[in-house]
Amino acid sequence: MRRLTRTVAVAVLATALALVSACSSDSDSDSGSGDGASLRKVTYLTSFGNFGRDSYAWVAKDKGFFKEAGFDVDIKPGQGTGGVIQTIVGGQADFGPIDLTGGILQLGGGDDKPKDFVAVAAIQQRTMAAIVTTQDKGIASPKDLEGKTLADTPFSVVRNLFPTYAKLAGIDNSKVKWVNGEAQTLMATLASGKVDGIGQFVVGAPTVRAVAKKEPVVLPYSNVMTDLYGNALITSKKLAKEEPEMVKRFTGALLKGLEYSLANPKEAGEILKKNVAEANPVSAAAELELMAGYVRSSNSGTAIGALDSGRVAKSIAILQGAGALKQNIAPEQVVDFNLAPKA
């Protein structure tokens, strides 16, 4: 009887130890892989709707780059530079890309809008802002925009930067009419003939072609405003100050998604389609192929995401020279260079 009791006791103890060991092993596995409760929940905004140019965020999520860095990311469509800034400063999102020039305009605008944001990485080394129209509209040069009606979201950098572009391109800004639109429906508005052109990024041309069934005409802002950065990843100044290592980890995972997308544009387009039902994977891939030349340039060295203080200062000087800034600002007010990748 005693022998039986001892045997049962040993068996129970062995089972208990096995369970403890298994639980410990699972816990170690979770902490190592970033699974379960250890994942940090983050809200990320795209720059402008859900087009191919923003598919790298979906790729970073789908390929597990965010998870490997310890994040559970909720991706939501942004509505342009002003909207992304407003949402992040308001605490409804943690990260998102804005056109860096648009961010400079917000900081130097001389108004009392909240400005507690900071850039932590470049997405494109050159601005992709542009006016896009179709061949049937009779617009072949910037001057042809006079007397025309253009559509864009109120917060878009294309729209807010247009007065500066108009001045440098020799356009009478007072002769151009703007109407409001939404990010996902702008191309359909152009296709319907209700407007003559739309605010758009240069990489939007393939999607315009697919939606409008007409050949697009692109007027890039970079033709008259050289050396301006394109999109840059921003976060709140509070998050950048209180959790710099977390910001670096997120930035690294996102840039990994960007690099993968540029190397595999067709796969990135399919990943976008898997997550966004209305996405066109062929157009998305074409956008990424066009974007590649803007992400890496002779100004950026070899590091994707690099931001240079001298170039930011030059961008500020260009806007000051065009009379677009009401107050002086320094590069350090726009970018946290301690968190941004180095060139």
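Two strands count as paired if DSSP finds at least two bridges between them. On that basis, this predicted model holds an open sheet of five strands with mixed pairing. The structure also holds eight aromatic pairs. Two arginines, R126 and R311, lie over tyrosine rings, R126 over Y294 and R311 over Y229.

**The five-stranded sheet**

- The strand order is β9-β8-β10-β7-β11.
- β9 (177–180) and β11 (216–220) form the edges. Each has a single partner strand, so one side of each lacks a neighbour in the sheet.
- On average, neighbouring strands of this sheet are turned by 35° against each other, direction ignored.
- Strands of a sheet pair through backbone hydrogen bonds, in either a parallel or an antiparallel sense.
- β8 (residues 149–152) runs parallel to its partner β9, and four bridges join the pair.
- Within this pairing, L150 faces W178 of β9.

**The helix on the sheet**

- Helix α8 spans residues 205–212 and packs on the sheet.

**Aromatic pairs around F250**

- A pair of aromatic rings is described by the distance of the centres and the angle of the planes.
- Y44 and F250 make a tilted pair, with 6.1 Å centre to centre and 35° between the planes.
- Y44 belongs to strand β1 (residues 40–45) and F250 to helix α10 (residues 244–263), so this pair links parts that are 206 residues apart in sequence.
- Both Y44 and F250 are buried.
- F66 and F250 are stacked, at 5.1 Å centre to centre and 10° between the planes.
- F66 sits in helix α3 (residues 65–68) and F250 in helix α10, so here the parts tied together are 184 residues apart in sequence.
- F66 is buried, as is F250.
- Y44, F66 and F250 belong to one aromatic cluster, together with F71 and F95.

**Arginines over tyrosine rings**

- R126 lies over the face of Y294, with 4.2 Å to the ring centre.
- R311 places its charged end over the ring of Y229, 3.9 Å from the centre of that ring.

Methods:
Residues are numbered from 1 along each chain as its sequence is written. This is a predicted model: local features need pLDDT of at least 70, side-chain atom pairs count only at pLDDT 80 or more; totals for chains, interfaces and linings use all residues. Side-chain values use heavy atoms; hydrogens and water are left out. Helices (H or I, at least four residues) and strands (E, at least two) are DSSP runs, numbered from the N terminus. Axes are lines fitted to C-alpha atoms, for helices over the stretch in contact, and angles run from 0 to 180 degrees between N-to-C directions. Contact means heavy atoms within 4.5 Å. Rings of Phe, Tyr and Trp (its six-membered ring) pair if their centres lie within 6.5 Å; planes under 30 degrees apart count as stacked, over 60 as edge-to-face and the rest as tilted. Buried means under 20% relative accessible area, exposed over 50%, partly exposed in between (1.4 Å probe, protein chains only). A charge sits over a ring if NZ of Lys or CZ of Arg is within 6 Å of the ring centre and within 35 degrees of the ring normal.
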